[in-house]
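Here are some friendly notes to read alongside the model. Please keep the structure open while you go through the points.

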Amino acid sequence: VWVDGGYRRHLVEHAATLGIDMEITTRKPGTKGFTPIPKRWAVERTYGWLMLHRRLARDYETLPTRSEAVVHIAMTDLMARRLTGENTISWRDPKKNTEDAISG
């Protein structure tokens, strides 16, 4: 499991009792300003992809299993869009929008 340095104190012992290998992601010494940490960046990017789905933008679900199911649906949608080459999520007909812009 990758964790931020802020969780170092509380999570290390708990993860060890559960048998979970934990790796703390840190910045390289001497770096200044914004520098993405590769492993953390992968997690943040995934959160960004998930937030494209309205139902995941807020915590509507009462059961964790339902939230997990919605995450699976969102990631399935992401994979399907990548396989089909569709770049954007759009429920509008792009031809109609282009015609409206030209005639309007």
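1. Let us begin with a term: buried means under 20% relative accessible area, exposed means over 50%, and partly exposed is in between (1.4 Å probe, protein chains only). The areas themselves come from the Shrake-Rupley method with a 1.4 Å probe, and for residues only the protein chains shown count as cover. Of the 104 residues of the protein chain, 12% count as buried.

2. A word on what you are looking at: this is a predicted model, in which local features need pLDDT of at least 70, side-chain atom pairs count only at pLDDT 80 or more, and totals for chains, interfaces and linings use all residues. Residues are numbered from 1 along each chain as its sequence is written, and side-chain values use heavy atoms, leaving out hydrogens and water.

3. How confident is the predictor? pLDDT is its confidence in each residue, from 0 to 100. The protein chain has a mean pLDDT of 76, with 79% of its residues at 70 or more. Among its elements, helix α4 (residues 64-84) has the highest mean, 88, while helix α5 (residues 94-103) has the lowest, 55.

4. Now trace the fold. Helices (H or I, at least four residues) and strands (E, at least two) are DSSP runs, numbered from the N terminus.

5. Which residues form the salt bridge? Arg81 pairs with Asp77, and their closest N and O atoms are 3.3 Å apart. The rule asks for a side-chain nitrogen of Lys or Arg within 4 Å of a carboxyl oxygen of Asp or Glu, and it gives a count of one salt bridge. Side chains of opposite charge can pair when their charged atoms come close. Arg81 and Asp77 are four residues apart in helix α4, so about one helical turn separates them. Arg81 is buried, at 10% relative accessible area, whereas Asp77 is partly exposed, at 28%.

6. Val1, Leu18 and Ile20 make a nonpolar surface patch of about 280 Å². Patch residues have over 30% relative accessible area and no salt bridge; like charges are joined within 9 Å, and nonpolar side chains (Val, Leu, Ile, Met, Phe, Trp, Tyr) within 5 Å. Val1 sits in the segment before β1 (2-4) and is exposed, because its relative accessibility is 57%.

7. Finally, visit helix α2, where you will find Tyr47. Tyr47 is partly exposed, with a relative accessible area of 47%. Between Tyr47 and Ala57 there are 9.8 Å in space, C-alpha to C-alpha, and the two are ten residues apart in sequence.

How values were computed: pLDDT is the predictor's confidence in each residue, from 0 to 100.
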